[in-house]
Amino acid sequence: MDVWLTWCKRKSKCRHCGEYIQQGEPVVVGKLWSKERKWPMQFRWHPKCWLDQALAYLEKHPYIPRLTTGRPKLELSDVDRKQRAKLLRQRATLCYQQRKAALAGNAVRVLHLEVKKQELIDQMPGPVPKSWRVHHEEKTKANQP
Ligand SMILES: [Zn+2]
């Protein structure tokens with residue numbers, strides 16, 4: 001599923017709490033391409049509701065560190081590798097701050113941090129990580145003539 005944060009263009013129901021998300025409020029949109037249907041399914045959540053359900057999902061599926069059998073190491077110079085690690089750390093920090101801001105109900109800060117996260121993408125040497133994919137697609141589109 002592709003997920004992104006945007007402004008709500010028309011009043012819609014939150015998939016998590018069932019309350020309405022008003023026009024002009026931040027909304028998390030999820031798009032899922034279904035094999036049986038020809039059109040994608042779209043879901044909408046309050047940013048806080050999305051985080052709540054996403055974190056609940058992660059708690060049910062704990063992180064398992066990869067040992068030696070992961071994907072092969074990327075062919076990158078030491079400088080690029082360091083830059084990459086730095087950006088990954090920066091993004092993790094932003095995600096953490098974003099989560100805190102969302103839990104505090106500070107939607108403006110959530111959006112601000114989202115913009116900062118997207119700014120990291122252009123600085124990323126080598127392929128953009130899969131977990132950054134939504135933004136990567138936007139970047140690809142932007143690069144098309
Ligand atoms: Zn909600």
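Me: Which residues of α1 are buried?

Reply: In this predicted model, where local features need pLDDT of at least 70, side-chain atom pairs count only at pLDDT 80 or more, and totals for chains, interfaces and linings use all residues, the buried residues of α1 are Pro47, Lys48, Cys49 and Trp50. Residues are numbered from 1 along each chain as its sequence is written.

Me: Why is Val28 called buried?

Reply: A residue is buried if 20 or more other C-beta atoms, placed from the backbone, lie within 10 Å of its own, exposed if 12 or fewer, and partly exposed in between; Val28 has 26 such neighbours inside 10 Å, and therefore counts as buried.

Me: What makes up the largest nonpolar core?

Reply: A nonpolar core is a set of buried Ala, Val, Leu, Ile, Met, Phe, Trp, Tyr and Cys residues joined through C-beta atoms within 7 Å, and the largest one here consists of seven residues, namely Leu5, Ile21, Val27, Val28, Trp45, Cys49 and Trp50. Strand β4 and helix α1 each supply at least two residues of this core.

Me: Where is Val28 found?

Reply: Val28 lies in strand β4, which covers residues 26-32, and its C-alpha atom is 6.8 Å from that of Trp50, a residue 22 places away in sequence.

Key. Helix = DSSP H or I, 4+ residues; strand = E, 2+ residues; numbered from the N terminus.
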